[in-house]
Amino acid sequence: MSASSLHNDRTTEQFRKLFIGGLNPQTTESKLREYYGQWGEVVDAVVMKDKRSSRSKGFGFITYKEPEMVDAAQSCRPHSIEGKTVESKRAMPREDSQNPEAHMTVSKLFVGGLKKEVTSEDLNDCFIKYGSMRECEVVKFKESGESRGFGFVTFDDYDSVDKAILYKPHFIGASRVDVKKALSKEQMNQMRRKQEARYDGYGGGYNNDYNGGYNSGYNATAGLPQMGGGYTGYGNNW
């Protein structure tokens, strides 16, 4: 199945899976299944464990029978299991999960590849289905007022950003647009520092094993992400 077909088929596993981070070390797969079962039928529950010690790595995955059950669970955050607040996020598809920014928690979406005639209202119409928004902006040249070909959508909730990325491709009119998590310059520098530490054999945590819930592992030789449209992290200057 092609990547395009996979994204169009909302019943595939990637639309039914949640990443659960910050688990109590004592939380079992049966407890994880029981807790998330209150929002629908759980077809798979996994707590990731160290191969040598068999101890929990503090995160796992839940797979529901239907995508709507993920929406129901996410609408009831925060989640607390055995006295510990956990972080639930939509599991990213394999092609996105190898990018370090895919694991960042942000409420701002970068939208690139915009035609010059696209307005902020067009952005709103395209992405309002993913959640409540605080702001939609097409970035323009100060002198001419013409579009620079990209913009930002700021949501109230990080889950809306994750859902928008998961449910691509997106089209405004007949033109396909590119979406990525919009990281501030500070967040991008922080991400690079973590990557450099990991390359040197330090760091750790669940990003190494996350990879969207698939078992292929994180590609530590992959380069740091390059945003499209000249985007290098938002700040005072674009």
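Buried means under 20% relative accessible area, exposed over 50%, and partly exposed in between (1.4 Å probe, protein chains only). The model shown is predicted: local features need pLDDT of at least 70, side-chain atom pairs count only at pLDDT 80 or more, and totals for chains, interfaces and linings use all residues. Residues are numbered from 1 along each chain as its sequence is written, and side-chain values use heavy atoms, with hydrogens and water left out.

**View 1. Strand 6 is covered on both faces.** Helices (H or I, at least four residues) and strands (E, at least two) are DSSP runs, numbered from the N terminus. Five of the five residues of strand 6 are buried. On one side sit Lys108, Phe110 and Gly112. On the other sit Leu109 and Val111. In a regular strand the side chains alternate between the two faces of the sheet.

View 2. Two strands pair if DSSP finds at least two bridges between them.

**View 3. Strand 6 pairs with strand 8 and with strand 10.** Five bridges join strand 6 (residues 108–112) to strand 8 (residues 147–155). Lys108 has Thr154 as its bridge partner. Phe110 is partnered by Phe152, also in strand 8. Four bridges link strand 6 to strand 10, again antiparallel. Here Val111 stands opposite Val179.

**View 4. Helix 3 has buried residues.** Which residues of helix 3 (residues 67–74) are buried? They are Pro67, Met69, Val70, Ala73 and Gln74. Seen down the helix axis, they fall within an arc of 155°, so they line one face of helix 3. The arc is that of the directions from the helix axis to the C-beta atoms. Their cover includes strand 1 (17–21), helix 2 (29–36) and helix 6.

Technical notes. Contact = heavy atoms within 4.5 Å.
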